[in-house]
Amino acid sequence: MGTILVTGALGQIGSDLVPFLAEEYGAENIVASDVKDSTSLFPGIAYRKVDVTSREAISRVISNEKVSGIFHLAGILSASGEKNPELAYRVNLDGTFNVLSEAKKAGVQKVFIPSTIGVFGSSTPKKNTPVETVIRPSTMYGITKIASELLGEYFSKHLGLDVRGVRLPGIISYKTEPVAGTTDYSVEMFTHAIDGKPYACYLKRDTQLPMMYIDDALGAMLKLYESDPANLTRRTDYQLSAYSLTPGILADSIMKHIPDFEVTYSPDFRQKIAEMWPESIDCSLSAADWGFNPSYGIEETVEKMIRNLRMARDGKIAK
Ligand code: AKB
C-alpha cells in the first residue's frame, strides 16, 4: 500500500485520527500534515508542513510520500469562519478543490472529506433531519462545506476519483481542546469541571444539537473508508450522530460525577449559528449502507471523558 495522508492533523479530529490510523495501518504508512512547521504530537509518525491553499504543496507531498489515500481534515470551523470568512473560503473550498484535483492528477485511490451538520440552515426541518432536504446555509462554514460535498460528488461521479465523506455532528474528545466551532462548549464544559472552575456557557441551556464521542466518529470514518463501494448509495453526505445534547443535559450529567460544578449561561454570536442547525439528524442510510452503529451514549461519553481528562492531567495517558 502507499501512504495515507491526513491534512489538518493537528485539529480536534486529526489529533485522534492520526494515531488511530497508525494502529490500523502501521505508523510507517501514515503521514500527518498541517500548516504548523512541526509537532511533537505524533511520536514515530511522519509529519509534513502542508498548507492546503497551495496546490504545489499538496502535489509535492502526494508525490514525495507516495500517497494512495487522503483524509482531508484541514478546515476552518463555524465560529472562526464567521470571524474570517475569506480565510474559511480559501481553506475550506479552495483547499478541498486543490486536494481533489491533485489527488485525481496523481492517481490517489481514495479521498475522505468530512462535512458537517453546519451545511443546514434555518429553513431546514429541525428534527430527524434527512440527508436530502432544504439546504440553504447562511454561514461561510456551511456554504463552503455543502459546496465541498458537491465537489466530492462531482469528482466521484464524473472524474472517477473515489471520494467519500460524512456530515459530522459536534464531536466530544479530550486530546485537543477545540476552540473554533459552535459545538465546542461540550469539551470546554468538561475541562472546566475537571479543573474545578465554573463555566460560562456561550449557548443557552436548552440548545439541542446532534453530537457523538470521538471513538465512535473515528470508527465510523474508517468503516466508511473501508466499505465496499458497491454498497454506497451516497458519496459525501452520510450523516453521523449518536445523541442529541443540550448544555443543560450535559451539565447535569457532569454534576453526577462532580457535584459542585457550576454552570451559567451567557449566549454570544454562536447561539445564532446553533439555532440554524438541526436538533437531531437521520443516520439510517449510514446504518443501512455501511453499518454505522455508535456505541457511546451520553452517560458513557461523560464517564469516559472524565476518566480520560483526569488521567491526562495526572500524566497517565497522552494529552
Ligand atoms: C463546529 O461547531 O463548527 C463543528 C461542526 C459541528 O461542524 N464542531
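Analyst: We can begin with a side chain that meets the backbone: the backbone nitrogen of Val 163 lies 3.3 Å from a polar atom of the side chain of Ser 156. Please keep in mind that this is a predicted model, in which local features need pLDDT of at least 70, side-chain atom pairs count only at pLDDT 80 or more, and totals for chains, interfaces and linings use all residues. Residues are numbered from 1 along each chain as its sequence is written, and side-chain values use heavy atoms, with hydrogens and water left out.

User: What makes the pair of side chains Ser 156 and Arg 235 a polar contact?

Analyst: The two side chains are joined at 3.4 Å, and a polar contact is a pair of N or O atoms within 3.5 Å, where, within protein, one must be able to donate a hydrogen and the other to accept it, and residues adjacent in sequence count only if both atoms are side-chain atoms. The distance therefore falls within the limit.

User: Why is Ser 156 called buried?

Analyst: Ser 156, which lies in helix α5, has a relative accessibility of 13%, and buried means under 20% relative accessible area, exposed over 50%, and partly exposed in between (1.4 Å probe, protein chains only). Ser 156 therefore counts as buried.

User: How do you know that Lys 66 is exposed, and why does Asn 128 count as partly exposed?

Analyst: Lys 66 has a relative accessible area of 63%, so it is exposed, whereas Asn 128, at 48%, therefore counts as partly exposed. Phi of Lys 66 is near 50° and phi of Asn 128 is near 45°, each a positive value in a residue other than glycine.

User: What makes α4 roughly parallel to α5?

Analyst: Helix α4 (residues 85–106) and helix α5 (residues 140–159) pack at an angle of about 10°, with their axes 9 Å apart. Angles under 35 degrees count as roughly parallel, over 145 as roughly antiparallel, 65 to 115 as roughly perpendicular and the rest as oblique, so α4 is roughly parallel to α5.

Notes: Axes are lines fitted to C-alpha atoms, for helices over the stretch in contact, and angles run from 0 to 180 degrees between N-to-C directions. Helices (H or I, at least four residues) and strands (E, at least two) are DSSP runs, numbered from the N terminus.
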